[in-house]
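Biologist: I would like to learn how to read backbone features from a model. Please take them one at a time.

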Amino acid sequence: MRIILQFIIIYLALAPHIFADFIRPDHHAPIGVMKDHTHNKSEFMIAYRFMLMTMDDMLINTDAIESSELFSSTTYMMSPDKMNMSMHMLGGMYGLTDSWTLALMAPYLSSSMVTDIKVTGGTIEPKSHGLGDLSISGLYSLYNREKIKSIFSFGLNLPTGSIDQKFNNNTLGYPMQLGSGSFAIEPSFVISRFWHNVSIGTQIGIKVYLNENSSNYKQGTESYLNFWTQYLLSKPMTVTLRLEHKIKNSYVGSNPVLNTMMSPMNRSDLQGGHISYAFLGSNILLGGSNFLSGLFSGQRLALEFGLPFYQNLKGPQMKSRYKGIVGWQMAF
Ligand SMILES: [Cu+2]
């Protein structure tokens, strides 16, 4: 009896520390960062993310250009005006060992683009939707302690998304296609540091397309750098701040069916650029210290909203306006 009592006393004394240190909302990066954490052996996680991105107006490098200027100063017959892109993404993770985690991601994309027509002075709104490129990754936990975690991951992009989306029997420009048509490799590295109620993390990654697709082009190499910090507002909830910089190179080759005189969207050499975003968000443990903890055990909810603060695009190319991401994750 005394042993049991002692055990209970010790347990109660340690419990707050166990719960404080074992799972924290900032053990996962802000929701827009992928491949940021690993799982223990035999642990599964399923994830759903919804992302919305809006683009409008055009840039040539950092200078804005209107449709009317584009029509008066060039021979283009069409000009992009506004684009909405939404993505549903299903993800799965599985801990093969305590060091190796397997991750799968499947995106479903919907895009629409309001396009100005020079001849009629009117607009059209082509749409595309369908499965994007699947990816499969191996994540290796290089270092996993209470205060520092570090992961190296290696991803493979599979060309499952369509690159032949059409509108009125005409092949749509590059930004409206759903996939890349190519295999790609994507190594990335993450390191995060945790303190009592603050953490910071950084990720660097690069995605290299390997082969020319069936339409005679290959997307440009993409590299990205993320830096974030999280502050624990309470045990189950953080506020997140993230800076992201992406560099995308121009495409190699071009799709011969796209008429480059028609629209800048058809120009494979006008697809790259630099873009920097600032995101504000939150990570929430639904199974945190509330009475519904049993029901939502192992579940997370996270969101981010971001605005671009620097864009330098090979243009004329549409510029980004904002990006919003909501995600739900469940580990078991
Ligand atoms: Cu996970």
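Backbone angles and strand pairing

Modeller: S42 lies in the loop between α1 (2-22) and β1 (44-61). Helices (H or I, at least four residues) and strands (E, at least two) are DSSP runs, numbered from the N terminus. Residues are numbered from 1 along each chain as its sequence is written. The model is predicted: local features need pLDDT of at least 70, side-chain atom pairs count only at pLDDT 80 or more, and totals for chains, interfaces and linings use all residues.

Biologist: What is the phi of S42?

Modeller: Most residues other than glycine have a negative phi, and most peptide bonds are trans. For S42, phi is near 70 degrees, a positive value in a residue other than glycine.

Biologist: Is S42 buried or exposed?

Modeller: A residue is buried if 20 or more other C-beta atoms lie within 10 Å of its own, exposed if 12 or fewer, and partly exposed in between, with C-beta atoms placed from the backbone. S42 has 10 other C-beta atoms within 10 Å, so S42 is exposed.

Biologist: Where is N168 found?

Modeller: N168 sits in the loop between β9 (166-167) and β10 (170-171). Its phi is near 50 degrees, also positive. N168 is exposed because 7 other C-beta atoms lie within 10 Å.

Biologist: Which residues does the cis peptide bond join?

Modeller: G315 and P316, with omega about 15 degrees. P316 belongs to strand β18.

Biologist: How many bridges join β17 to strand β18?

Modeller: Two strands pair if DSSP finds at least two bridges between them. Here 13 bridges join β17 to β18 (residues 299-331), and the two run antiparallel. I284 stands opposite L301 in β18.
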